[in-house]
Amino acid sequence: MRLGFVVQRYGEDIAGGAELHCRLVAEHLNEFHHVEIFTTCAKDYVSWKNEYTKGRQIINGIPVHRYPVRKTRNIRSFENVQNLVFHESQPIEMEERWIKENGPYSPQLVKGIIQRSDIDIWILFSYRYWTTVQALRLFKKKAILVPTAEHDPALYLSVFKELFKLPGAIAYNSVEEQELIHSIAGNRKVRGDVVGVGLPDTENNCQETRDFRAMDPYILYIGRIDKNKGCDHLFRMFLRFCKDVRDDVSLLIIGKPVIPIPAHPSVRHLGFVSEREKNEALRHCRFLVMPSRYESLSMVLLEAWRYQRPTLVNGRCEVLQGQCLRSNGGLFYKNYDEFAEHVVFLLENKSVAERIGKQGFRYYQENYEWRVIEDKYESLLKSVELNSMGDSPSEMA
Amino acid sequence: MADDWQDIEFGSEIDVSEIMEIIRERIAQKRKEGIYTDEAIAEITESRIMQFAEEAEIDSVLLEKLRSPDHSWNINPSYIIATHRSGVKAKVIILIKKLVRPFIRLYTDHIVGRQAQINQYFAHLIHNLVREITRHQIDNDALKAKLERLEREQEFLEQRLRTFESMTMPEDKSTDQN
């Protein structure tokens with residue numbers, strides 16, 4: 001089959017969750033199908049400024065077609081529209097305007113995909129972007145939508161209710177995401193499956209790494225160091241824990257800082273590290289902590305389980321909580337008291353913590369190994385192929 | 001704490017919800033004794049504020065915004081210029097509105113800005129009041145519990161004293177004579 005992926009940004013240097021998810025799925029499906037990527041020249045998801053050169057290029061054996069973004073995001077205008085549509089019921093035109101202001105607004109990309117009648121099935125990433133909405137309206141039953149949705153006011157806009165009923169199939173990231181979208185859009189009739197994504201292959205080079213064993217005991221956080229990821233809350237809780245409970249444990253942080261990291265002897269920031277070093281840090285940590293409240297699927301949680309490490313997550317995120325309960329591979333907290341008690345439990349009950357990590361590993365193997373993900377995509381592709389036979393893109397301008 | 005868990009047997013499959021349930025019970029026990037952290041008080045305050053807002057039937061999205069640390073819920077002098085009309089007419093109307101806007105804002109910005117500050121101040125004040133009331137109620141409950149415990153202890157000690165007294169006091173001879 002010829003598969004076309006539509007995604008807001010694409011590139012090996014883009015670390016965003018949905019974009020990496022898209023690239024990994026595309027690269028794996030490329031082993032069985034002919035895959036092409038349709039994306040923008042943008043690198044920055046806030047401004048959508050054109051940074052990549054437009055045109056065709058090959059990334060890891062896959063043709064990537066880049067189209068320029070016509071209008072960078074006007075933050076003031078975007079926030080004004082967002083304040084209106086998120087706070088009160090607005091006419092559909094205003095919601096459409098929010099989608100356009102949210103971007104990336106690239107009419108050339110839409111023109112480009114319309115011309116590609118040879119593509120059998122379209123796989124569209126992230127429901128909230130202008131490119132996805134346009135492609136979904138064009139290809140409807142010929143498309144598989146990967147929503148990557150989380151609790152977010154945008155999801156409740158009435159315009160999306162209808163959009164979730166359009167695709168031939170939906171590849172959800174988690175049971176919670178599926179239930180959330182079903183409850184909002186009432187789209188149970190649309191074929192859907194909880195698929196998620198596998199992990200990048202581990203690198204086995206001989207590159208030297210820090211001696212993480214010597215840093216024991218440490219708790220690990222991997223990801224963007226941002227308020228949106230709950231890092232400010234994590235820092236507050238951890239510093240309080242050091243002051244009130246015990247200070248012989250470190251918090252090791254890997255990732256790009258967006259907010260300041262507290263200067264404290266127990267908080268160690270390693271910055272952006274190599275894949276191998278990250279894996280070494282995971283292998284030797286006591287557990288991985290994930291304080292984010294909004295996740296549709298946490299890949300870093302899967303990475304911890306791949307290394308048989310237990311996890312401690314923010315229980316206010318339904319997806320993370322659900323993953324921990326289904327896997328029995330981690331604990332979750334909802335306030336500081338629970339955080340402190342769980343940290344003490346995981347630190348002081350090493351053998352139980354090890355067993356929890358092993359349970360997480362089993363869950364990872366059963367649900368997130370690439371063969372499982374590939375089989376699920378194959379099944380969705382077959383069902384979409386059967387249902388869309390004879391269909392042609394409608395309303396093509 | 002490690003010792004506390006030694007007595008608990010885990011089967012071949014560890015049920016994490018079981019562990020968390022035990023931990024929550026321990027926390028609840030501590031709270032019964034009036035041991036609350038600032039975080040716990042903040043959490044109770046939040047749930048109370050939520051409850052008040054739900055009683056007032058405020059829009060849930062606005063409620064979420066009201067609880068967020070930024071002040072995006074507040075009134076703002078900037079607004080979007082739009083019209084329900086379409087075509088050339090719409091463009092002309094939007095242009096006129098854009099031309100008029102700076103003059104209107106000359107008079108309204110100051111008032112809206114001031115009102116926004118008052119809103120922010122009241123929101124801050126009310127939030128802190130709810131937190132302080134919560135803290136006092138918790139202190140009050142803890143003191144009540146402590147008082148009850150002291151009363152029980154006092155009663156017990158008095159009873160004990162009476163027993164000792166009855167044991168050590170010499171028998172009243174006059175009653176024997178009678």
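Tutor: The bounds of a domain, as the word is used here, come from an automatic or database domain assignment. The model itself is predicted. For chain A the assignment gives domain 1, made of residues 2-198 + 370-387, and domain 2, made of residues 212-367. The C-alpha centres of these two domains of chain A are 29 Å apart. Where they meet, 14 residues of domain 1 of chain A are in contact with 10 residues of domain 2 of chain A. On the domain 1 side of chain A, helix 7 of chain A gives the most, with three residues. That side of domain 1, the one touching domain 2 of chain A, divides into four nonpolar, six polar and four charged residues.

Two packed helices are described by the angle between their axes and the distance between the axes. Helix 7 (residues 175-185) of chain A and helix 11 of chain A have axes that come within 8 Å and cross at roughly 135°. The two helices of chain A are therefore oblique to each other. From helix 7 of chain A, the contact is made by Val175(A), Glu176(A) and Glu177(A), and from helix 11 of chain A by Glu318(A), Val319(A) and Gly322(A). By type, the residues of this contact between helix 7 and helix 11 of chain A divide into two nonpolar, one polar and three charged.

One residue of helix 11 deserves a separate look. Gln323(A) lies in helix 11 (residues 318-327) of chain A. Is Gln323(A) buried or exposed? A residue counts as buried if 20 or more other C-beta atoms lie within 10 Å of its own. Gln323(A) has 29 other C-beta atoms within 10 Å, so it is buried. Leaving aside neighbours within four places in sequence, Gln323(A) is in contact with Ser174(A) and Leu301(A). Between Gln323(A) and Leu302(A) there are 21 residues of separation in sequence, while their C-alpha atoms are 9.6 Å apart in space.

Next come the strands. Strands of a sheet pair through backbone hydrogen bonds, either parallel or antiparallel. In chain A, six strands form an open sheet in the order 11-10-9-12-13-14, with parallel pairing. Strand 11 (267-271) and strand 14 (330-333) of chain A are at the edges and have a single partner strand each, so one side of each is left without a neighbour in the sheet. From one strand to the next, the twist averages 25°. At the strand 14 end of chain A, strand 13 (residues 311-314) of chain A runs parallel to strand 14 of chain A and is joined to it by four bridges. Asn314(A) stands opposite Tyr333(A), a residue of strand 14 of chain A. Helix 12 (residues 336-348) of chain A lies across strand 12 (287-290), strand 13 and strand 14 of chain A, at about 155° to strand 14 of chain A.

Strand 1 of chain A belongs to another stretch of the sequence. Four of the five residues of strand 1 (residues 2-6) of chain A are buried, so the strand is largely enclosed by the rest of the structure. Strand 1 of chain A pairs in the parallel sense with strand 2 (residues 34-40) of chain A over five bridges, and there Phe5(A) stands opposite Ile37(A). Strand 1 of chain A also runs parallel to strand 5 (residues 121-125) of chain A, to which four bridges join it. In that pairing Ile121(A) of strand 5 of chain A is the bridge partner of Leu3(A).

Last is the second chain. Chain B has six helices and zero strands. Buried residues make up 3% of the 178 residues of chain B. Among the contacts in chain B with a separation of 6 or more, 67% are between residues 24 or more positions apart. Towards the other chain, 26 residues of chain B are in contact with 26 residues of chain A. On the chain B side, helix 1 (2-6), helix 2 (16-32), helix 3 (38-55) and helix 4 (60-67) of chain B each give two or more residues. The largest share, eight residues, comes from helix 2 of chain B. The chain B residues that touch chain A divide into 15 nonpolar, four polar and seven charged.

How values were computed. Residues are numbered from 1 along each chain as its sequence is written. Chains are lettered from A and ligands numbered from 1 in the order in which they are written. This is a predicted model: local features need pLDDT of at least 70, side-chain atom pairs count only at pLDDT 80 or more; totals for chains, interfaces and linings use all residues. Two strands pair if DSSP finds at least two bridges between them. Axes are lines fitted to C-alpha atoms, for helices over the stretch in contact, and angles run from 0 to 180 degrees between N-to-C directions. Two residues are in contact if their C-beta atoms, placed from the backbone, lie within 7 Å. A residue is buried if 20 or more other C-beta atoms lie within 10 Å of its own, exposed if 12 or fewer, and partly exposed in between; C-beta atoms are placed from the backbone. Angles under 35 degrees count as roughly parallel, over 145 as roughly antiparallel, 65 to 115 as roughly perpendicular and the rest as oblique. Ala, Val, Leu, Ile, Met, Phe, Trp, Tyr, Cys and Pro count as nonpolar, Asp, Glu, Lys and Arg as charged, and the others, Gly among them, as polar.
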